[in-house]
Amino acid sequence: MQRQAVPRSVVFDYAVAVCCLWIAYGFFVDAWAHGHVPIETFFTPYHATFYLGMVAVVTVMATFAVRNHRAGYAWSESLPRAYRLAAIGIPFFFIAGLGDMIWHSLLGLEEGVDALLSPTHQLIGLSIFFVSSGPIRSVLADRRHARDYARQFPLVIGLATWLVLVHFGTAYAFDPAAGRTNAPPPIVPFAPTYLTALGIGYYKVSVGVLIVIAQSTIVAGFALWLVSRVRTGPGWITAMFVLGNAPAAAAFTNHTWLLATTVLQSLVAGGLADLAVARWHPRPERPAAFTRFAVLVPVTYIGVYVLTTLATDGVWWDWNVALGAWIWSGVCGYALSLLVRARRAA
């Protein structure tokens, strides 16, 4: 019986990565259903979407492990070492899923933000972070030998899954709501509703700017992490953004331009980021290029949002807020670049 680790399988990486993305998309299918379909039971086809995805992951990993065991590897070494954390996530997922069923039976079904903050839902999401870490860790472990882009692309799919999960856990902080459709009541001086309208307006604009800061940090963070770890290929950042950002927008579009806006943000910001990688080669060891890249990504992402929203719905923010929020996006990217470089120096 062989005791050395099973060598990496690129086909296995792709299979697990795609299944994990399937599960993450299933979360937003279920989220959409909670907002559009009367759901009064745990057993729905929308829940089944991501549970079947996990069944697919189990099938892929079990088939791979059994094949390797028959080839002479010990059970403990039948999966690549990069997948040990991923394997822990599988029982974690089913335990959390059983807990979620019990939670629903005792306390009812969650709606709105409750569904995002439910402890059992957070545990299910954490388990998928573990499982989808397998392709990411596998590529990183093999990056000195895997020079062709096809062998490294499972990393992008894994990161896209993580991006979907981040958006799912923070879906209340996805859309800055700068369009006129989301405008607060008009503020009319000396009217009985004056203080209420004033409070709502301040609240909505403040939350909108905080969402810009959060989204800028998320997209810049993922892009900086990627270029810091591997030599990215053409279109990688674009693919990561489109695959990772679109599901949240699709689930919460509600007859607005949010999905089209988000896809356009991802295409333009990702495309410029990919061009910047090819031209500037941003790395922490190249501070000027790395900083320019760190600022470019969120500034483009938020800039496209503001301009597209202005063209499709109109922007209810005044120009001080719109331009100030846009500047904040660049500040977030710049600050993250300093943190990454400081960590590398340490």
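Q: Let's start with one residue. Is glutamate 285 buried or exposed?
A: Glutamate 285 is exposed, because its relative accessibility is 51% and the cut-off for exposed is over 50%. Keep in mind that this is a predicted model.

Q: Which residue does glutamate 285 form a salt bridge with?
A: Its partner is arginine 283. The closest N and O atoms of the two are 3.7 Å apart.

Q: And arginine 283, how accessible is that one?
A: Arginine 283 has a relative accessible area of 28%, so it is partly exposed.

Q: How many salt bridges turn up in the whole structure?
A: The search finds six. One of them joins arginine 8 to aspartate 142. There the closest N and O atoms are 2.9 Å apart.

Q: Is aspartate 142 buried or exposed?
A: Buried, because its relative accessible area is 12%. The cut-off for buried is under 20%.

Q: Which residues are linked in a network of salt bridges?
A: The network links Arg8, Asp13, Asp142 and Arg151.

Q: What about glutamate 77, which side chain does it meet in a salt bridge?
A: That of arginine 81, at 3.7 Å from N to O. Glutamate 77 counts as buried because its relative accessibility is 9%. Arginine 81 is partly exposed, with a relative accessible area of 46%.

Q: New topic: helices. At what angle do α5 and α7 pack?
A: At about 160°, with their axes 8 Å apart. α5 is therefore roughly antiparallel to α7. Helix α5 covers residues 119-142 and helix α7 covers residues 154-169.

Q: Is that crossing of α5 and α7 left-handed or right-handed?
A: Left-handed.

Q: Which helix holds leucine 126?
A: Helix α5. Leucine 126 is partly exposed, because its relative accessible area is 36%.

Q: How far is leucine 126 from phenylalanine 92?
A: Their C-alpha atoms are separated by 8.7 Å. Along the chain, the two are 34 residues apart.

Q: Back to α7. How do the axes of α7 and α9 cross?
A: They cross at roughly 30° and come within 8 Å. That angle is under 35 degrees, so α7 and α9 are roughly parallel. Helix α9 spans residues 236-251.

Q: Which hand does the crossing of α7 and α9 have?
A: The crossing is right-handed.

Q: Then α9 and α10, at what angle do their axes cross?
A: Roughly 165°, and the axes come within 8 Å. That is why α9 counts as roughly antiparallel to α10. Helix α10 runs over residues 258-280. The crossing of α9 and α10 is right-handed.

Q: Let's look at the backbone. What is the phi of alanine 177?
A: It is near 60°, a positive value in a residue other than glycine. Alanine 177 is in the loop between α7 and α8 (194-229). At 17% relative accessibility, alanine 177 counts as buried.

Q: And what is the phi of histidine 281?
A: Histidine 281 has a positive phi of about 55°, although it is not a glycine. You'll find histidine 281 in the loop between α10 and α11. Histidine 281 is partly exposed, with a relative accessible area of 47%.

Q: Last topic, the surface. Which residues make the nonpolar patch?
A: Leu307, Leu310, Trp319, Leu323, Trp326, Ile327, Trp328 and Val331 make it. The patch is about 820 Å².

Q: Which elements give two or more residues to it?
A: They are α11 (287-312) and α12 (319-345). The largest share comes from α12, with six residues.

Q: Where is valine 331, and how accessible?
A: Valine 331 is in helix α12. Its relative accessibility is 40%, so valine 331 counts as partly exposed.

Note on methods: Residues numbered from 1 in each chain as written. Predicted model: local features only at pLDDT ≥ 70, side-chain atom pairs only at ≥ 80, totals over all residues. Heavy atoms only, no water. Patch = residues over 30% accessible without salt bridge, like charges linked within 9 Å, V, L, I, M, F, W, Y side chains within 5 Å. Areas by Shrake-Rupley, 256 points an atom, 1.4 Å probe, with all protein chains shown as cover. Salt bridge = Lys/Arg side-chain N within 4 Å of Asp/Glu carboxyl O. Helix = DSSP H or I, 4+ residues; strand = E, 2+ residues; numbered from the N terminus. Buried < 20%, exposed > 50% of the residue type's maximum accessible area, 1.4 Å probe, protein only. Axes fitted to C-alpha atoms, helices over the stretch in contact; angles between N-to-C directions. Parallel < 35°, antiparallel > 145°, perpendicular 65-115°, else oblique. Left-handed = near helix turned anticlockwise from the far one by under 90°.
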